[in-house]
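Student: I am new to this structure and would like a close look at one part of it, the nonpolar core. Could you take me through that part and then show me what lies around it?

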Amino acid sequence: MEWQKKLPIGIEYFKDFKRDGFYYVDKTGLIRDLVHSRGSVNLITRPRRFGKSLNIDMLKTFFELGTDPTLFDGLEISKDNAICEQYMGKYPVISISLKDAAGLNFQMAYDMLGSAVSEEAERFAYLLNSKELASSEKRKLTRLMEGDFEKPFYLHSSLRLLTRLLCKHHKTPVIVFIDEYDVPLDKAYQYGYYPEMANLIRSLFSQVLKTNEHLYFAVITGCLRIAKESIFTGLNNFKVRTISDIRFASYFGFTVKEIKELLHYYHLEEKFDLLKEWYDGYRFGMVEVYCPWDVINQCDKFLEKRDAPMEAHWENSSRNAIVQNLLETATETTKSDVEALISGEAVKKALLPELTYTDLDSKDQEIRQACLWSILFATGYLTDASIPENGVHSLIIPNREVLGIYEKRICSWFKSKTVSNTSRWSAFCDAVKTGNHTEVQHLFNTFMSDSISIRDTYVKKELKENFYHGMILGLLRAEGSWRVKSNAESGIGYMDIQLEIPSTNTGCIIEVKYAEKGQYDLACAKAMEQIEKHGYAEILRQDGMQKIHKYGIACYKKSCKISYCLEHA
């Protein structure tokens, strides 16, 4: 078998691709477009795991003094001789990531930010031998390198100082890259020190980016566009490229063409439809985009095992708290919107072009909800179904993976809400245990009437069934003494839910069906037929269960019907 390049899982440094033989999806056209259209300060916002950090390092590698030009051989930018001659390896570069500048309190976050600045300053230790710098300037650099930020002014002015020293030594203006600029703000909001962190970031940015003769240009990346008045006060020639903008649209995430080329390279062409269903669906500007983190990780699974199951890689790299926040603050209108989304429909929303985290705590329900929808869009939990018109976006859930995130959060919210009503939930569990199927049906209907449902739309039937399956599973697993398994192997197939109650030697088989167009009886009959045909009760008999309750549950919108039979072992 011919040698293949490795899949670049977690690779953040551009030089590693050529040096260590990783597959690279060529995004160097970004250099050309940036040179031709940049402002003095350029903010690029994209969801997490869409290649922001790698692109920042690629830009740094291209522009920085002393770069290895062979790293770009054969790539798109190498065809532009004029840009390469004028810009490649010609500028001092400051590149800093704020992804770790966070903590449980402001002092911890302050120290982490100081550590990131200190580490970057150490790259310029050669300036201590510069004949162009005064002794006092070298002492200031030493202080940065040693991380002496006891006085806040030292940290606030640190990046501006570095640009001045570099420019003075090299006699060339400096390029500044700041990655993940909004992470410290997000963490500060979560842990209650947002005003202090916003003040620090505002001062740091203002000093290095505003009226700085030593700055050539800057590129800043993040997920959110924080309001200019909040963080970027007074900046002129400030250009923003969000996921709605046409420019730079194809440089973050993988395009359809890039996906097909990658699959062809690894002889995985037959996996295209699966990848499309799970990880496609994003629209950046006018471009259809896949999540690269998902694609690379799943292809790695396929190379290990050709029939590997699909997994939610992007989901597992985040807290997904914003979806829970939406549900917890949901009005009846918001509930209706979420029902439409998980049913595959679009909802129309006027989004906020700029955000402040304080809007999330606004007493104005309309502002708070607009902020939540805007964050869901900016962070990749929703995407555009079409080109926005007059600032109004048609929002949809992009793909199957993200749909699963909503469903899990809805089920979690549903469980916490229903279990908190102890008497009703206890009655439901007692009814399941004793086989009182009419009471199970009655109580589950009351639970669903308060919750979010799936509408009868074009979403695949198995996805609708999974949604209701998750709701029932959450209710049963809340009873800690029961053994509950989902999709447990038994007989010659897999039952939806297998339940064993050791204290009474009672077992339950639950098969969930979606009753299309409200055909409850037909769906119930199919569920009960499947239970018998595939011998689902066998494993419960082997486990010593003396009573086996068999439930066929048909769900449609916010109601259900249950068929039932009892088997004695």
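Tutor: The largest nonpolar core has 135 residues, and Phe-205, Ile-342 and Phe-444 are those with the most contacts inside it. A nonpolar core here is a set of buried Ala, Val, Leu, Ile, Met, Phe, Trp, Tyr and Cys residues joined through side-chain atoms within 4.5 Å. Buried means under 20% relative accessible area, exposed means over 50%, and partly exposed is in between, with a 1.4 Å probe and protein chains only. Helix 10 (residues 194-209) gives this core its largest share, nine residues. Helices (H or I, at least four residues) and strands (E, at least two) are DSSP runs, numbered from the N terminus.

Please keep in mind that this is a predicted model: local features need pLDDT of at least 70, side-chain atom pairs count only at pLDDT 80 or more, and totals for chains, interfaces and linings use all residues. Residues are numbered from 1 along each chain as its sequence is written, and side-chain values use heavy atoms, with hydrogens and water left out.

Now look at Phe-444. Leaving aside neighbours within four places in sequence, Phe-444 is in contact (heavy atoms within 4.5 Å) with Phe-414, Phe-428, Met-471, Ile-472, Leu-475, Cys-555 and Cys-560. In soluble globular proteins, nonpolar side chains tend to be buried together.

Lys-335 sits in helix 16 (residues 332-342), and Lys-335 counts as buried because its relative accessibility is 8%. Setting aside neighbours within four places in sequence, Lys-335 is in contact with Ala-330, Trp-413, Lys-417, Asp-450 and Ile-452.

For a contrast, turn to helix 5 (residues 106-122), where you will find Met-112. With 36% relative accessibility, Met-112 counts as partly exposed. Not counting residues up to four places away in sequence, Met-112 touches Asp-100, Ala-101 and Ala-102. From Met-112 to Pro-184 it is 72 residues in sequence and 9.8 Å in space, C-alpha to C-alpha. Pro-184 is one of the buried residues of helix 9 (residues 183-191), along with Val-183, Leu-185 and Ala-188. Just after helix 9, Gly-192 has a positive phi of about 90°.

Three strands form an open sheet in the order 6-8-7, with antiparallel pairing; two strands pair if DSSP finds at least two bridges between them. Strand 6 (254-255) and strand 7 (282-284) are the edge strands, each pairing on one side only. Strand 6 pairs with strand 8 (residues 287-290) over two bridges, and Thr-255 has Val-289 in strand 8 as its bridge partner. Elsewhere, strand 11 (residues 392-396) pairs in the antiparallel sense with strand 9 (residues 347-350) over four bridges, with Lys-348 opposite Ser-394. Strand 11 also pairs in the antiparallel sense with strand 10 (residues 383-384), over two bridges, and there Thr-383 stands opposite Ile-396.

Finally, step back to the whole chain. The protein chain has 23 helices and 16 strands, and buried residues make up 55% of its 569 residues. Its C-alpha atoms fill a box of roughly 90 × 60 × 45 Å, taken along the principal axes. Among contacts between residues at least 6 apart in sequence, 72% join residues at least 24 apart.
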